[in-house]
Amino acid sequence: MDTYYNPADLAKFAQVGEGNKELMDKFFAWYGAVFAEGALSEREKALIALAVAHAVQCPYCIDAYTQESLSKGATLEQMTEAIHVAAAIKGGAALVHGVQMKNVYQKLSM
Amino acid sequence: MPTATKSLKSLQHPLASPQTQLELIDHKLNLPPFEEMFKQTGEAELRATGIEIFQVNVGKLCNQVCKHCHVDAGPDRREIMTRETFELCLNALAQTDIPKVDITGGAPEMNPHFRWFVAEVKKLKRHVMVRSNLTILLANGFTDLPEFFAEHQVEVISSLPHYTPSVTDKQRGEDVFSRSIEAIKRLNALGYGKEESGLVFNLVYNPVGAFLPPNQASLEKDYKRELHKHYGVFFNRLYTITNMPISRFLDYLLISGNYEAYMTKLVSLFNPSAAKGVMCRNTLSISWDGYLYDCDFNQMLDLKVGYGSPMHIKDFDVAKLNTRKIVTRQHCYGCTAGAGSSCGGATA
């Protein structure tokens, strides 16, 4: 193994279930239901997944949900806005912890 | 990928040859043969169920050079149907009660016999569909076509790969989107696309890249909302069509390194119910030179009807063609993946 991530491994996802098929079957059934058209469209869900994929920095998920977003009719502009939302929340989440820094700073400062 | 300006044929590209394409499609990858996969439908072989659509490809001449075009059409193509071959088509039609005539190309309107042929088909009391690229309706000598279509109650079917200008122009050429919108406005002004008018105007989506189409009903809602909101135009139905791995799209797949992944995806998404509804079952495709094919894609691969069926319109025999066995190769996976694909959109 010369790298932890190999694009061909994505297709082997189901093999993770070999140690416990029942749990994996439940996961895939739930996963399929989550992404089905509902109150949100399949395209909106694909864009959310694409954004989350960037936030959790999962190369498999970025590959899969770029393809999925395109297959659901999303444009490059929509996909780019989605990852900006992820980036904004990640950046904002880091920055908002500045209030903790401020709390500690104020407690320690004269 | 830059906008194409010439056909593969005029560039003397190896993929201009149907034999080269077939060699590649059938042998480059080790995929299960389509004919075997089709048996998952519960049927032993793919056969026609009767002819409902008489699809006439009147030639490869076109005013556009779209990147994905399976016909390899363009302004540099000169192969168009002659009046004699049109007459053979009319004779064949008159022997039958085939209800629909689907006229395609190239830009079919550029064939000098196009209007005469439409009028003759209407005299036979058949429904006429024309696959118009829209921009031709703005070209000199063709601007009265919307009125001609309306007068003859022609159903107009047009490609618009996306409701955003950038995506459409990427595939079909610079300014094609804005000119298409202008043409749609002309059609709408005559009543085309209004449910109550009886003048049917349908759009076609196909992916601009190596992926499959979205859900047809869901995308139709998006198209209707966005096209009306931004441009004030309307249409009846949206058909989603999968890009077939042949001709210019095959060239793109190979150049971009997407061929293997695309074909693997088509095979992995084989859908038996889509396969049962493939368009070749109720369509007969006629080429500019009068040969008969199971579909327009087979026509471009020079795969004529087989298994003893008459191969030319001059030998037309509806009884033999009605239940003919369909000629299939590996490109047929393009019509059976996911929700399926046909000239009338999704099939499953």
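Modeller: H2(A) and H4(A) make a right-handed crossing (the near helix is turned clockwise from the far one by less than a right angle). The model is predicted: local features need pLDDT of at least 70, side-chain atom pairs count only at pLDDT 80 or more, and totals for chains, interfaces and linings use all residues. Residues are numbered from 1 along each chain as its sequence is written, with chains lettered from A and ligands numbered from 1 in the order in which they are written.

H2 covers residues 42-55 of chain A and H4 residues 76-96 of chain A; their axes come within 8 Å and cross at roughly 45°. Axes are lines fitted to C-alpha atoms over the stretch in contact, with angles from 0 to 180 degrees between N-to-C directions; helices are DSSP runs (H or I) of at least four residues, numbered from the N terminus.

On the H2(A) side, Leu47(A), Leu50(A), Ala51(A), Val52(A), His54(A) and Ala55(A) take part. They meet residues of H4(A), including Met79(A), Ala82(A), Ile83(A), Val85(A), Ile89(A) and Lys90(A). Contact requires C-beta atoms, placed from the backbone, within 7 Å. By class, the residues where H2(A) touches H4(A) are 11 nonpolar, two polar and one charged (nonpolar: Ala, Val, Leu, Ile, Met, Phe, Trp, Tyr, Cys and Pro; charged: Asp, Glu, Lys and Arg; polar: the others, Gly among them).

Chain A also touches chain B, with 10 residues of chain B in contact with 10 of chain A. On the chain B side, helix H8 (residues 216-231) of chain B gives the largest share, three residues. That side has five nonpolar, four polar and one charged residues.

Technical notes
Helix = DSSP H or I, 4+ residues; strand = E, 2+ residues; numbered from the N terminus. Contact = placed C-beta atoms within 7 Å.
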